[in-house]
Each structure stands twice: as C-alpha cells, then as structure tokens.
Amino acid sequence: MSEGRPLLSDVGRRLRLPADWRERFQAPDALAWRLLLLTFLFTVVVEILIIAPSAASFHERWLLDRLQSAELASVGVEALPYSAVEDDVAEQLLAIGGVQAVVVGDQGVRRLLLQAPNLPRTPDLIDLRQNRPLARLLDPWRTLVGHPDRSVRVQARPRYRSGDFMEILAPAQPLKLELQAYLLNSLLMSLMISLVAGGLLYGGLAFLVLQPLQRVTRSIERFALDPEAEGDPPSDRHDEIGRVERELARMQGEVRQSLRARARLVALGEAVAKINHDLRNMLTSAQIASERLADSPDPQVAKALPRLERALGRAAALSRNVLEYGRSEEPEPQRSRFALGPAVAAAAEDSGLSDEGVKLARAIPARFTVNADPDQLNRILVNLMRNARQAIEGDATRLGRPGVIKVSATEEDGVVVIRIADNGPGIPPRLSERLFEPFVSGRSSDGTGLGLTISRELAVSHGGELVLVDTGPGGTRFELRLPD
C-alpha cells in the first residue's frame, strides 16, 4: 500500500469527515476522481475550441477596422488637387488610421496614397480576399509570438470606393497588445463559464450515477462481510441503475436462501456421516455373523443366506457411496500421460467383465495415450462399465444373446473422446433426462444412483464432460471428453 493513502485516511479521521468522503480520499483512482478529471479535460478542450475561432475573429476585425479607416483617409486624400498631401497632414491621417502606408490598386496599377516609412523588417502579407480558414486561425498566434518590430501588409476589397484592392501597412505591436488583452478577458470568461458548466455536469452525474453506484458498491461490500444481514431496499428508479439495484437485491436474496439451504445440508450431511459410520459398524458385525451362519447345517439358513449376503452387500455399497458423494469436493486431478488400453483393461477387470459373461471389446489405436488422473479415470470407467454389465445381466429378454461392452477412443481437435457403448436394454425414457442427478438409478433392482453423478463431476474437474449420446433397445452409448 502506498504511503499517501494512510495519510489521507488519517486526515479524514482527524477532521471527522463523512465516511463516503474518507472512502474517496482513500481511493484516488475511484470513478469519482476519474469523472472529475474527464470533466476538467473536456472543459479545457471546449475552451480551446471557443478561444481559437474567437481570437481569429478579433484579429480579422481589427485589421478590417484599420482598412476602413485607411479607405476613408484615402478618399480625403484623393479629394485634394492632384492628391497632394503635406507631410504633417499625411502623418495625422496615418495616425488617425493607425497605419503606416496606404496603397490603392485599380486595374493593375498600384497607387501609393500615403508614403510608407523605412522599416527594419520585411512586413508579412495578409490577404483578406482569400478564404483560408487555417491561415485565419494561425494568424493571431503568429502575431502573439512575433517580433516587436513586426509589421503586416493587409489587402482587402474596398467598400467605399472603386478599385481592385486596398492595402495598408500597419505595425503589429498594437494589435498584439490588444489581442493579449482580449484573449485574457476571453480566457477568464470562458474559464468561468466552463467551470460553472463543468461543475453542474459533474454534480448532475454525481447525483444521477456516482451516488447510486456507491450505494450499490456499499451494499455488495456489506453483503460480502455478512451475507445474512439485510441490505438497504432498492430505490424506485426506473432507469438502468434502478434495474441494477433490483437485480442485485434479488440475487442477494437468492444467495441468502442458497446459503441457508447449504447450511442445513451441511448439518444434515454431518448427521448422515455419523449414521453411516455407525451403520457400517453394524453391517460389519452382520457380515461376520453371516459368515458364521455359512457353516450352519440348517437347510433353511443355507437357503436364506445368499439373499442375506446380497442385502448386506447392497447396504454396505450404499453406505460407501453416500459417504463418497458427501465429500465437500473431489481432490484436484493429478494429471499424467499414460496408455489408455491397459487402463481400460484394468477397469474392465474391476467392473466384473469376463470372457464367460459380459465381454469387453476394445477399438483403441495402438499406443493411444491420454493426459488425465489415472485413479479418477479408472473410477469413471468402472462406474460406466459396471452399470452396463449389471443392466445386461438384469435383462430377462436377451435369450442367451452375449453381452458386449465396446470401448473406443479418438482424438478430435486436441480433445480425447472415449466412447463406451453396450448392447443392453437401454435406459427408460423417464430416467434418461435425469440420469446424472444424485440418487437417480437406471435400474430397478440395485444401485444407489450416485455413480454417474460422481463420474460427471470427475470429468468436469478435468475440464471435460461426460454425456449420454443415445439409448434405446439396441443399447446405450456414453461419451467421455477430456482435453489433451
């Protein structure tokens, strides 16, 4: 953290500023500061856009005033016999017009009415007869930065007399002084207007945007600190900010309900874990007792014992699966690259596939590898193969037709696609849409309905997916997609 922020925070606490002001001092990169900076920049741009044309207009108007005075003086000079003017009279006329020389152009002939003095520098030409907007905008700044001895020759069309053009020679220093005074006054006036306009704009945006956003931000921060605490009710605004406030309040309410439901599920999970722990101890004792009953000579006991063992096995599997599903989360997959063929063979053996019963058919290219967690991939394959084997073995309509589970693999655009297909009876339509939900089983006689749920979670943790492609009387096909 920078040293400036704690100091500003201490100043805010010592001065006992409001909380929202202290937050602004602590966060100079907040939206309010950025908006204030943008307002200032826009104000400067507006001032430049106003002052530049205004300075050009003042510059041109000053020159036209001198031309008009010189034109009137030229009319008086030509009224004299032979246009003769004494030196002192010429000086007075030049002083009245604010010019150093006057030239009249008529039919290609230039007539010097008032003699120009000797100048130390060559004057710059400004022809007001030509329409050059860029030059008009630059002329005032050339005057401001020009040399003090600078002079200008200005040409324009006459207004009160005949002729092609009027030309005057005038010193630039008086224009420079008047232009500086004009720009200073214009700058002060523009700055005052811009500050008032910028302040009103910032105040309006602060009232309409910043304050509601700060209220939304404080609501989010309070919710992050204490989700159970009720926040401020949304405002009655009908614009986008009002919609944000209402949607935020709705989402916070939904999250509160989810958190409460999750808390109840956590408590329920703890209770179920305790029950399962005691139940597994009871089942262990029951399995030990059933093993002792196997030595009993009573035929009734021998007849009932297989059913008892199957019931105890299903109860133990249910207890084990419930505990496995009740974990807070699966561990992150420890990826490694290994051959897929041996992994499929090992999963088939764990699933109870054999040449005498349901067989495994592999269509995996030689030396085909996959980048995944070996243990988690084995769990996925075992769940899918065991479900397929049990479905085939439980089909009473097969009439001796052999059961086959075919596993194939391909690579498509950097994704390994593993297909597990069987020729079993298929999944009932009422269950296929909810097959991956917890405790939804595709068989009526056995299973807990957690294997596919856990398998899909393991696939998602790899960045992939497990999907049911199709199912029907001809069999069922799953696809496991894993990024390589």
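## Aromatic contacts

In this predicted model, the count of aromatic pairs comes to 1. The pair is made by F58 and Y182, whose rings are stacked, with 4.4 Å from centre to centre and 5° between the planes. Because F58 belongs to helix α3 (residues 31-78) and Y182 to helix α6 (residues 173-225), the pair ties together parts that are 124 residues apart in sequence. F58 is buried, at a relative accessible area of 13%, whereas Y182, at 23%, is partly exposed.

A contact of another kind involves W62, where R66 lies over the face of the ring at 4.0 Å from its centre.

## A nonpolar surface patch

On the surface, L37, L38, F40, L41 and F42 form a nonpolar patch, and together these residues have about 510 Å² of accessible area. One of them, F42, is placed in helix α3 and is exposed, with a relative accessible area of 52%.

## The largest nonpolar core

The largest nonpolar core has 37 residues, and within it L377 and I418 are the residues with the most contacts. Two or more residues come from each of several elements, namely the helices α9 (340-350), α10 (374-393) and α12 (451-461) and the strands β8 (369-372), β9 (404-412), β10 (415-422) and β12 (475-483). Of these, α10 gives the largest share, 8 residues.

In helix α12, the buried residues are L452, T453, I454, S455, L458 and A459. Just after α12 comes G463, which takes a positive phi of about 85°.

## Salt bridges

Across the whole structure, a search finds 18 salt bridges. In one of them, E254 pairs with R250, and the closest N and O atoms are 2.7 Å apart. Both residues lie in helix α7 (residues 240-293), where they are 4 residues apart, about one turn of the helix. An α-helix has 3.6 residues a turn, so residues three or four places apart point the same way. E254 is partly exposed at 40% relative accessibility, and R250 is likewise partly exposed at 41%.

R419 takes part in salt bridges with E412 and with E479, and in each case the closest N and O atoms are 3.1 Å apart. Since R419 lies in strand β10 and E479 in strand β12, their pair ties together parts that are 60 residues apart in sequence. R419 is buried, with a relative accessible area of 18%, and E479 is also buried, at 10%, while E412 is partly exposed at 32%. Through shared partners, salt bridges join E412, R419, D470, R477, E479 and R481 into one network.

Methods: Residues numbered from 1 in each chain as written. Predicted model: local features only at pLDDT ≥ 70, side-chain atom pairs only at ≥ 80, totals over all residues. Heavy atoms only, no water. Phe/Tyr/Trp six-rings, centres within 6.5 Å; stacked < 30°, edge-to-face > 60°. Buried < 20%, exposed > 50% of the residue type's maximum accessible area, 1.4 Å probe, protein only. Lys NZ or Arg CZ within 6 Å of the ring centre and 35° of its normal. Patch = residues over 30% accessible without salt bridge, like charges linked within 9 Å, V, L, I, M, F, W, Y side chains within 5 Å. Areas by Shrake-Rupley, 256 points an atom, 1.4 Å probe, with all protein chains shown as cover. Salt bridge = Lys/Arg side-chain N within 4 Å of Asp/Glu carboxyl O. Core = buried A, V, L, I, M, F, W, Y, C linked by side-chain atoms within 4.5 Å.
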